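Thanks, everyone. I will go through one model today, from single residues up to the interface. Let me put it on the screen.

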Amino acid sequence: MTMDGPRVSAGELCQKGWTAGALLGAPDRLREPLVRDRRGGPLRPASWDEALDLVAARLRRVLAGHGPGGVAVFGGGGLTNEKAYLLGKFARVALGTPNIDYNGRFCMSSAAAAAQRAFGLDRGLPFPLADLDEADAIMLVGANVAETMPPLVRRLRRARDRGGLVVADPRRTATAGLASLHLAPRPGTDLALALGMLHAAVAGGLVRRDDLERRTEGFAAAWRIAARWRPEEAERVTGVAAADQRAAVGLLAGARRAYLLTGRGAEQHATGSDTVSAWINLALALGLPGREGSGYGSLTGQGNGQGGREHGQKADQLPGYRRLDDPAARRHVAAVWGVAPEDLPAPGPSAYELLDSLGTETGPRALLVFGSNPAVSAPRAGRVSRRLAALDLLVVADIVPSETALMADVVLPVTQWAEEEGTLTNLEGRVLLRRRAVAPPPGARGDLSVLRGLAVRLGRPAAEFPDDPEEVFAELARASAGGLADYSGIGYDRLRAGEEIHWPCPGPGHPGTPRAFLDRFAHPDGRARFVPVDHRGPAERPGGDFPLIATTGRVLAHYQSGAQTRRVPELAAAEPGARVEVHPDTARRAGLADGDRARVVSRRGTAEAVVRCTPGIRRDTVFLPFHFPGAERANLVTNPALDPVSRMPEFKACAVRLEPA
Amino acid sequence: MSPRRVVVAGYGMAAARLAELVRAADPAGERVALTVVGAEPRPAYNRVLLSGVLAGTLTPADIALHDRGWAERNRVGVRLGVPVTGLDRRGRRVRLADGTSLGYDDLVLATGGRPWLPPVEGLSDGRGGPAEGVATLRDLADCLRIRELARPGAPVAVLGGGVLGVETALGLAAAGARVTLIHPAAHLMERHLDRTAGMILARLCRAAGVRTAIGAAAVRHDPGEGVKLDDGSVVPAALTVVTAGTRPETALAARAGLAADGGIAVDDRLRTADPRVRALGDCARAGTPPQGLLRPAWEQAAVLAGLLTGTAPDARYHAGAPVTRLRAGGVDLTAFGETRLETDSADAEVISYADPARGMYAKVALDGDRVIGAIALGLPDAAAALVQLHDDGAPTPADRPGLLLGRALPPAAGPGPDSLPGTALVCRCNSVTKAALLRAVRETGGDVAALARATRATTGCGDCLPAVRRLAARRHETEGTPA
């Protein structure tokens, strides 16, 4: 959780929150730039001027030899709004490259795509999180909040007390353990579950037909698909009892205030966008979105997961959640940036495609990484590591020597959360100003200053790349004006004064929009869209040499690639290494017992982990946390099959076998 | 090359599915020119959902499989309300009821099934249709007719206690009709269930307000009066719904000389004896006799679409073992495979659980490590797991009671902290173990607030508060006990 005061966490923090201070003084905190004089040589300390001169000179060489497409930028969902914005501008203006994407592609992209299709707008929660306090029923799909954002559990209390908490997860997670009703679908079949539940809603006469008529389009086509998915049919695919599907629908439909929330479990699939669309279809059929006290939302994963996807570090987007292929959007942003619209590059490849192409015949030769650790976090991480190694130039800006930083030619030590000022946009679309609390180590610089230093060395005027966060935010606000995520009415002055502003906020006098969609959805006609989607199943099915399904996720003590949390002693002690959660029957069949070291083998690679037997997981499923480096990387086995719309990789379901190490 | 002319005789669910899959494989119509000929005057609809129309939760429009513009958008020629009346195999033409004819390269018979009227006096109108006061339940017209006649309070007889009969009886009773279910065999659903399951199912029906006459044969139907049984009693009925099974509709095939004994026999490419003529769905006998189930028909449609379009020339149909599901009112029943082996069987390991008073019954037959048959009545969670084991051929779980019962009871309140080991996490948010809390209890002697300060337990999601309170209370219990 980010420290955003009473509205979200009620002042409570989880262990990751209260230990985050330890990261400020991490023993291996980067305190000076490092450069490598030759491939395979050691990293040695360098001055900032030397490091930035070196990066600029080598970037110029690549640009001269390969054109702008020879350079790529990879950002992160943990970067502040200002950094995300300036990084996008840097790629498109200073480098002129289409090659920019970020790790949020691995996080929120499916939910974002589905929300855009349905509502015309992607805001993770289109209502304040505190609204959940009053809910009578909440269904969480593939979201283990008790481990990933524990303070949120308090907000589920009323629904729990009323027997209205439904959790869909292949594992009996800590969150599922709180549920009144736990549905355990086979990984990769959530879409079928949503179709079965939509069927149950319609056949049970629980659909609000008058709302559909008034506020939505496309129900008939979505229903024609769901009509084939009687709960009994969905049961056969998902393993979730038809009676439980009906019970879950009954709880949501019968509640006065009900919410349906998805997490990465539903989204991180090669069918992630369609899966989220199926859940939104169900929510629309039950009349939840656009009703005060009810709704659909996606629980954002990273600290700035929401803001990170609004300001232009995504391959297809410009600030304000504008589309890079929209001529009007290009004209508007180009005018703010003082460049010609035609000079803005076209949309580029998505994250995995970008990483997969690095150092290849036609791919980029140089990569700049800000706030991400793709050597651990990208799918098929073994391949990604080899691509990173094939680059002519890898530059990593980070706070600690992450696995990716250790591969770099130049490492730039940057500042972190409490050492700098900046804004984040939280999971409910509210903009938070984070103030500087402590002085950074003397050798570290802000990312904004790094970008400015590089841009100037690449021949851009310094005024184009301010390094003062407030100045960058003011420019971001102008660039976002008139876009979907309109920040133009938000300024540091209002945030400093303690105002709680949810975007869109289209003018200085505008109060912001805590609850979107109450009057109209964001499509031009004001109506929400059902999207007709059908179940296809995971890209890789279990069978033969790979009879089990591996799914990946987080554990309580760690965050993302673990580069930060593994450096906090309390967290490392709580969860020192990778484990593979497995049903005792499945472990026994593989000749393994609790505590044994095991190998999880897929067609792409092998990850090692310690066996943890738990009867709360499906017998056909194993679970691997993705926080650990080296041979314990869960992403050595994951499948890079991509969603056709969101370009989300299939992190959550791949075929594996389990064997003793 | 011009596209192959494929004519589908019949526009029911199997035909509709086939047409969709052909167009999915060949969207532009370059491989197959498709014509679908339907006897009913409306586009295909979802027959499985007729129970919803009967119950009034769905409208006829809700169960349409294709909207009005579907055929045109998908380049499918659709002829409605004109049954195929004749087949000229040599000339490769079919004749339609309106006197027109269509030439084909491939003909697909998808004529479905028709309800069977048992040879009981007064049931038939003499022309093969139901007599006055009698209805079958196959199409939308039947359904609307039954809705009209089975008003709340009206006496209704349901003849035949198979899946459809039991579902119909329960559905009509729920809608307020006074229903009697008449079944000639010794117990309900005798093709799918053992005696115990049939007996418990009958109890459930009676509990739902359905009267039962089991082991009783109907001998005569008198319009306006009801059904006379072989013991001389009369079941009063303003409406008699016959649910005695269906027969494959094979008249067209038989007239064309394609042998049709209990279904049009087809091979694994769905070919009849004439390779230009194929058949699928309820009219086809593809290995096993047709059972009126949807899943085989869809699997056949997928194979046939691949073959006809040439996109999957190696596709073959293999009949899977069917799963019987019955769900109506509060009854949830699943049965598949070997259901009549008993616990003393020498051929298989059979385990069972019966609780007739609560309407629960489970039986699982195992061959070594594999499930070969099961009945689950009133145990929906177990049923879901058993069907997946059956479909996947996965090894049987070691926890046999769990296998048999699923999540039979509501989960007990979580174990109190007393029963936890010291290493167990009490506060997950902050990784505080029970041992750490007990240590803090000893050291601070404190209340919950002191424990929270010392360990941070309870300061995250707050979920552990009751457990921490309980441990804090231990202070008093342990006083005077040397540690």
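**Salt bridges, strands and an interface**

Start with A:Asp49: this residue is partly exposed, at 44% relative accessible area. On the scale used here, buried means under 20% relative accessible area, exposed means over 50%, and partly exposed is what falls in between, with a 1.4 Å probe and protein chains only.

Ground rules, quickly. This is a predicted model, in which local features need pLDDT of at least 70, side-chain atom pairs count only at pLDDT 80 or more, and totals for chains, interfaces and linings use all residues. Residues are numbered from 1 along each chain as its sequence is written, chains are lettered from A and ligands numbered from 1 in the order in which they are written, and side-chain values use heavy atoms, leaving out hydrogens and water.

Back to A:Asp49. Which residue does its side chain meet in a salt bridge? The partner is A:Arg457, at 2.8 Å from N to O. By salt bridge I mean a side-chain nitrogen of Lys or Arg within 4 Å of a carboxyl oxygen of Asp or Glu. A:Asp49 sits in helix 4 (residues 48-66) of chain A and A:Arg457 in helix 22 (residues 447-457) of chain A, so the pair ties together parts 408 residues apart in sequence. Helices (H or I, at least four residues) and strands (E, at least two) are DSSP runs, numbered from the N terminus. A:Arg457 is also partly exposed, at 23%.

Next pair. A:Arg29 forms a salt bridge with A:Glu419, with the closest N and O atoms 2.7 Å apart. This one links distant parts of the chain: A:Arg29 is in the loop between helix 3 (21-24) and strand 1 (34-36) of chain A, A:Glu419 is in the loop between strand 15 and strand 16 (422-425) of chain A, and they are 390 residues apart. Buried or exposed? A:Arg29 is buried, with a relative accessible area of 4%. A:Glu419 is buried too, at 3%. The C-alpha atom of A:Glu419 is also 5.5 Å from that of A:Ala439, 20 residues away along the chain.

A:Arg162 and A:Asp136 form a salt bridge, closest N and O atoms 3.5 Å apart. A:Arg162 is in the loop between helix 8 (157-161) and strand 6 (165-168) of chain A and A:Asp136 in the loop between helix 6 (109-119) and strand 5 (137-141) of chain A, so this pair ties together parts 26 residues apart in sequence. A:Asp136 counts as buried, at 10% relative accessibility. Over all chains, the structure holds 75 salt bridges.

On to the strands. Strand 14 (residues 393-398) of chain A is mostly covered, with six of its six residues buried. In a regular strand the side chains alternate between the two faces of the sheet. Here, A:Leu393, A:Val395 and A:Ala397 point one way, while A:Leu394, A:Val396 and A:Asp398 point the other. What does strand 14 of chain A run parallel to? On one count, strand 13 (residues 366-370) of chain A, joined by five bridges. Strand 15 (residues 410-413) of chain A is also parallel, joined by four bridges. The pairing rule is at least two DSSP bridges between two strands. A:Leu368 stands opposite A:Val395, and A:Leu412 is the bridge partner of A:Ala397.

Most residues other than glycine have a negative phi, and most peptide bonds are trans. The bond from A:Trp503 to A:Pro504 is cis, with omega near -5 degrees. B:Met189 has a positive phi of about 50 degrees and is buried, at 1% relative accessibility. B:Leu270 has phi near 60 degrees and counts as buried at 0%.

Last, the interface. 48 residues of chain A are in contact with 45 residues of chain B, contact being heavy atoms within 4.5 Å. The area buried between chain A and chain B is about 3700 Å², with 44% from carbon and sulfur atoms. A:Arg224, A:Arg228 and A:Arg236 supply 21% of the area that chain A buries against chain B, more than any other three residues. Buried area is the accessible area (1.4 Å probe) that two parts lose on being put together, summed over both. There are eight salt bridges between chain A and chain B. In one of them, A:Arg228 meets B:Glu20, closest N and O atoms 3.0 Å apart. One network of salt bridges links A:Arg186, A:Arg618, A:Asp620 and B:Asp392.
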